[in-house]
Amino acid sequence: MIRYDQLNAWVQEMAVLCEPDEIYWCDGTEEEYQKMLEELVMQKKAIPLNPLKRPGSYAFFSDPSDVARVENRTFIASKDPNDAGPTNNWMDPDELKKVMKSLYKGSMKGRKMYVIPYMMGPFGSPLSKIGIQLTDSGYVACNMRLMTHMGRDVLKELETIGSFVPGLHSVGYPLKDGQIDVMWPSAPIEKKFIAHFPEENLIWSYGSGYGGNALLGKKCLALRIATVLARDEMWMAEHMLILKITNPEGKSKFILGAFPSACGKTNLAMLVPTIPGWKVETVGDDIAWLWMKDDGRLYAINPEAGFFGVARGTSFESNSNAMMSIRKNTIFTNVAITDDQDVWWEGIDGPIPNHLMDWKCEDWTPEKKTTAAHPNCRFTVSIKQCPVLADEWDQPEGVLVSAILVGGRRPTTIPLVHESLSWNHGVFMGSMMGSEITAATISDQIGKVRRDPFAMLPFIGYHVGDYLKHWLDMGARSNEALLPKIYYVNWFRKDDGGHYMWPGFGHNSRVLKWIFERCDGTATADLTSIGYIPTKDAIDIRGLPMQHEALDKLLEVDHDLWVEEVKSIRAYYKTLGDKIPRELYDELDKCELRLNYHKEQEQEVK
Ligand code: O2Y
Ligand code: MN
């Protein structure tokens with residue numbers, strides 16, 4: 001049982017280090033939230049939006065150097081570098097603490113230190129975890145209120161849960177006596193550190209006020225630290241959406257989806273089906289925590305209580321439910337502002353305005369070469385505002401997982417959907433997923449695949465090989481009949497002319513329907529070298545705006561390309577070192593054998 005004097009002692013110790021002018025314990029109430037926002041407006045750090053158009057909403061604008069997660073400044077400071085593995089930045093924990101302590105010394109001078117008690121996961125869930133974040137950013141405190149269960153109730157729950165994950169955050173911009181603050185205080189890149197100490201379940205973040213760097217409940221706790229806890233306690237912390245899908249007969253299932261950033265996780269979680277009678281509802285759009293109950297089945301909770309979604313590209317056409325979620329009580333970051341004080345970004349509905357204030361707070365007209373909103377502009381909103389929120393979204397017992405989707409952006413090779421042959425084969429699929437590098441990514445590797453196992457590469461708090469082994473170990477605790485099937489989906493196949501072959505968005509419900517029916521044993525599939533593929537008539541194509549031949553092509557397995565794919569996966573595994581589990585090499589070998597056998601058969605027929 002945690003003693004509150006332990007918590008107080010830590011808060012005092014950090015306050016002595018950071019020297020804030022004031023310590024403020026957040027109670028999580030609506031009144032407090034409104035007061036914090038008013039204070040930020042008074043300090044000229046936020047602008048209130050037009051109450052007739054966007055009631056209760058505010059816009060913030062970051063420093064141009066602080067606009068996204070900083071992977072090259074994110075560290076896993078385990079004692080042994082081999083525990084962080086080849087995909088993480090590592091520093092010795094004592095050395096990193098020494099460097100960071102010298103930065104934290106006096107870093108909150110002239111500022112208020114907010115003490116934020118927050119809960120990741122529903123109250124009363126066996127998996128939920130408490131975090132306490134100390135921060136000198138009012139913007140962060142307001143965002144945490146929307147993104148987590150935050151406040152007094154969490155301190156009460158601490159009596160039951162007994163422990164918390166401490167997180168210290170400073171924007172790294174102390175104020176001298178009488179010094180005027182800037183709109184978005186932050187530190188230069190070389191002084192930014194997003195540090196995780198997995199052996200102590202400790203998070204230290206310095207120098208950035210933006211998103212994943214600063215809202216410590218999200219990527220730092222609910223993924224990096226949680227992956228370590230999950231490994232040790234036999235559960236899973238994953239970068240996955242959770243959706244509920246209901247068929248016309250009223251039967252529901254829950255499906256998870258692991259996709260890298262910019263692959264439409266939020267859109268899929270809020271999808272509006274184009275097939276009559278089917279319904280999709282949202283449980284979560286970014287993170288899922290999974291555990292196996294005594295029945296041998298996997299259950300999931302969403303540890304978050306809000307969305308921190310990419311605004312750019314969001315419209316009534318691409319995601320009407322997201323647009324309805326952000327009608328009010330929303331925090332916008334780095335969007336453009338219209339002359340009547342509403343928000344705007346590239347890809348939003350309607351014509352391009354003749355004049356805007358851009359995300360750098362400068363005048364903007366369509367002649368300008370720059371975008372008006374930053375590409376990583378965001379909305380923060382409570383999940384409760386989602387019009388298609390599933391009733392089960394915060395039930396402590398979680399939701400039963402029927403299927404897990406994995407996928408990325410692959411213009412070639414990967415069919416629209418294929419089903420795993422077994423749990424281990426599904427883990428193999430997850431281990432090789434990734435997206436093709438495009439000109440939009442600054443790289444000399446255009447055309448190659450950037451692999452991102454289970455979309456977790458930036459978020460695994462330990463060695464990637466051990467992480468994949470943990471997936472296999474979870475499966476070994478149950479049996480195939482009880483485990484969810486894993487499906488590799490690819491909405492991003494292109495034809496020879498470079499056009500997307502699949503219409504995507506609401507039409508993805510056609511693939512979800514096939515998966516739903518596979519789980520029920522009523523949909524048909526062909527066994528191929530790479531897994532089960534829908535038979536020609538198994539995908540519901542009523543009203544689908546595309547040629548049937550294109551669907552055939554989307555479901556084709558190109559054996560020559562897959563032989564190359566296998567080589568590329570083998571080369572990728574080598575880069576990850578010798579901890580890649582033998583079982584995954586076995587899956588790779590079996591896939592290669594099946595492909596070779598198929599080619600031999602083909603040649604015999606010729
Ligand atoms: O740029 C940021 O700090 C946000 S990162 C983010 C936010 C919401 C959901 N996912 C992500 C991500 O990078 O995966
Ligand atoms: Mn994410």
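These are my notebook entries on what I looked up in this predicted model.

**Ligand 1**

I started with the shell around ligand 1. It has 14 residues, and Arg 69, Gly 212, Lys 219, Ser 261 and Asn 376 come nearest. By type, I get four nonpolar, five polar and five charged residues in that shell.

Next I went through polar atoms. The side chain of Arg 69 has an N or O atom 2.9 Å from an oxygen atom of the ligand. For Asn 376, a polar side-chain atom sits 2.8 Å from a ligand oxygen. On the nitrogen side, I found a ligand nitrogen atom 3.3 Å from an N or O atom in the side chain of Asp 286.

How much of ligand 1 does the protein cover? I get 91% of the 360 Å² of accessible area that the ligand has on its own. I also asked which elements give two or more residues to the shell. They are helix H7 (211-214) and helix H8 (217-233).

**Aromatic pairs**

My search of the whole structure turned up 22 aromatic pairs. I wrote down two of them in detail.

Phe 75 and Phe 193 form a tilted pair, with 5.7 Å from centre to centre and 35° between the planes. Phe 75 belongs to strand E4 (residues 74-76) and Phe 193 to strand E10 (residues 193-197), so this pair ties together parts 118 residues apart in sequence. Both of these Phe residues are buried.

For Tyr 210 and Phe 308, I noted ring centres 6.4 Å apart and planes at 70°. Why do I call this pair edge-to-face? Planes over 60 degrees apart count as edge-to-face, and the planes here are at 70°, so the pair goes in that class. Tyr 210 is in the loop between strand E11 (202-206) and H7, while Phe 308 is in strand E18 (residues 306-310), so the pair ties together parts that are 98 residues apart in sequence. Tyr 210 and Phe 308 are each buried. Ring pairs also link them with Phe 60, Tyr 139 and Trp 184 into a cluster.

**Lysines over rings**

I have two entries here. Lys 293 lies over the face of Tyr 299, at 4.0 Å from the ring centre. Lys 112 lies over the face of Tyr 24, at 5.6 Å from the ring centre.

**Arg 54**

I looked up Arg 54 in the loop between strand E2 (47-48) and strand E3 (58-60). Is it buried or exposed? Buried means under 20% relative accessible area, and Arg 54 has 9%, so it counts as buried. I then checked its partners. The side chains of Arg 54 and Asp 342 are joined by a polar contact of 2.8 Å. A polar atom of the Arg 54 side chain is also 3.1 Å from the backbone oxygen of Ile 326.

**Helix H11**

Helix H11 (residues 423-432) is mostly covered, with nine of its ten residues buried. Among them are Trp 423, His 425, Phe 428 and Met 432.

I flagged Met 234, a residue other than glycine whose phi is positive, near 60°. Met 234 is in the loop between H8 and strand E12 (236-238), and at 24% relative accessible area I list it as partly exposed.

Gln 341 is not a glycine either, and its phi is positive at about 60°. I place Gln 341 in the loop between strand E20 (336-338) and strand E21 (343-344). With 34% relative accessibility, Gln 341 counts as partly exposed.

Terms used:
Residues numbered from 1 in each chain as written. Chains lettered and ligands numbered in written order. Predicted model: local features only at pLDDT ≥ 70, side-chain atom pairs only at ≥ 80, totals over all residues. Heavy atoms only, no water. Near = heavy atom within 4 Å. Polar contact = N/O pair within 3.5 Å; in protein donor to acceptor, adjacent residues only side chain to side chain. Areas by Shrake-Rupley, 256 points an atom, 1.4 Å probe, with all protein chains shown as cover. Helix = DSSP H or I, 4+ residues; strand = E, 2+ residues; numbered from the N terminus. Nonpolar A, V, L, I, M, F, W, Y, C, P; charged D, E, K, R; others polar. Phe/Tyr/Trp six-rings, centres within 6.5 Å; stacked < 30°, edge-to-face > 60°. Buried < 20%, exposed > 50% of the residue type's maximum accessible area, 1.4 Å probe, protein only. Lys NZ or Arg CZ within 6 Å of the ring centre and 35° of its normal.
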